[in-house]
Amino acid sequence: MAPVNNGRVVFNEIPTGYPVPGKTTIYDESQSIDLENEPLHGGILVKVLILSIDPYLRHLMHPADPSSPLPMFEVGKPMAALGVGVVLRSENPEIAPGSHVTTFLPVQHYAVIQSARVLENKEKLPWSVYVGVCGGPGQTSHHAWLEYSHAKKGDIAFVTTAAGPVGATVVQIAKAQGLKVIASAGSDEKVEFVRSIGADVAFNYKTTSTKEVLKKEGPINVYWDNVGGEALEAALEYAAHKSHFIICGMISNYNTPEAYNVKNLENILWREITLHGFLTGSLMPKYAEEFFRTFPARVASGEVKYLEHRVNGLENFGQAVLDVQSGKNFGKMVVIVAEE
């Protein structure tokens, strides 16, 4: 077989604001691959089917930081993202050709990697859910809620970006545990979706004061923070004594030269608030096996609901990254790279 094109998305330059397609990220078709003879070095050759677009990708565009546990993207090299692929060839005895696998994959059509999680998918779910509610975002919600929420039935939780894949999953986990859930989202359409999955109080933070909602509906025992900034300040203002704040993301700060100055950090002291910053990978050894054993069935049964925002074509990866950073997606953003 003749070599085939192996298009890829290259990280071209470190952005100062929002990542601009064609400038920060470039789709490059200069590479090819011989699918029959590419050396595997004991690994597997994967055809990439689906890639996940997540807010944290913007963080990986910062300059190299030796103190960070996460490797930053290298200028001139392909980007990487959580993905699902099908194995074309294998020298790994634990992974058979034809298997579907998930791991952090180079943003390109084909890749040689050493190992990955084999997906059983007994529930026959769409493969894309394994980069969404049954993948990284779902794991983030599940693992961190179990580890850090310390929630009890009747507690009050506040969840930001509640229409996103992480926020929506947290809303449903909290409701299943018997909590009252306050949830914010960035459009009236998103607010309606958040109500439909069980939030007791849902509001558009762009048209309604977060502080006024929390003043009326709080105080809050658990705060799930995806945004930082003014929402974090409002949560600190209306936090209950000995509440738990789960710091999952701060997207309001990712693309601005100067972060919002939260003015009431002293409440952490006087109300004995515990802040939990975390990276999902640190919690996987404790919770991942249980998650993959139980969560897909909850999704398949309809107990846990989700939305997807699908984009077709690897060449549109950069635009999808920008759309997530600017909040234009409605549901989990996935890039469909190829059909099987």
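1. **Before you start.** This is a predicted model, in which local features need pLDDT of at least 70, side-chain atom pairs count only at pLDDT 80 or more, and totals for chains, interfaces and linings use all residues. Residues are numbered from 1 along each chain as its sequence is written, and side-chain values use heavy atoms, leaving out hydrogens and water.

2. Have a look at helix α4, residues 210–217 (helices are DSSP runs of H or I with at least four residues, strands are runs of E with at least two, both numbered from the N terminus). Which of its residues are buried? They are T210, V213, L214 and E217 (buried means under 20% relative accessible area, exposed over 50%, partly exposed in between, with a 1.4 Å probe and protein chains only). These residues cover an arc of only 95° around the axis, which puts them on the same side of α4 (the arc is taken from the directions from the helix axis to the C-beta atoms). On the face turned away from that side you will find the exposed residues K215 and K216.

3. **What α4 packs against.** The buried residues of α4 pack against strands β10 (156–159), β11 (180–185), β12 (201–204) and β13 (220–225), and against helix α5 (229–237) (contact means heavy atoms within 4.5 Å).

4. **The nonpolar cores.** The largest nonpolar core has 50 residues, and those touching the most other members are Y130, W145, V171, V194, W224 and I246 (a core is a set of buried Ala, Val, Leu, Ile, Met, Phe, Trp, Tyr and Cys residues joined through side-chain atoms within 4.5 Å). A second, separate core of 31 residues includes F73, A80, A81 and L105.

5. The model has 13 salt bridges (a side-chain nitrogen of Lys or Arg within 4 Å of a carboxyl oxygen of Asp or Glu). One of them joins E192 to R195, with the closest N and O atoms 2.5 Å apart. Both residues lie in helix α3 (188–196), three residues apart, about one turn of the helix. E192 is partly exposed at 48%, and R195 is partly exposed at 41%.

6. **A salt bridge between helices.** E233 pairs with K211, the closest N and O atoms being 3.3 Å apart. E233 lies in α5 and K211 in α4, so the pair ties together parts that are 22 residues apart in sequence. E233 is buried at 7% relative accessible area, whereas K211 is partly exposed at 32%. Salt bridges with shared partners join K211, E233 and K263 into one network.
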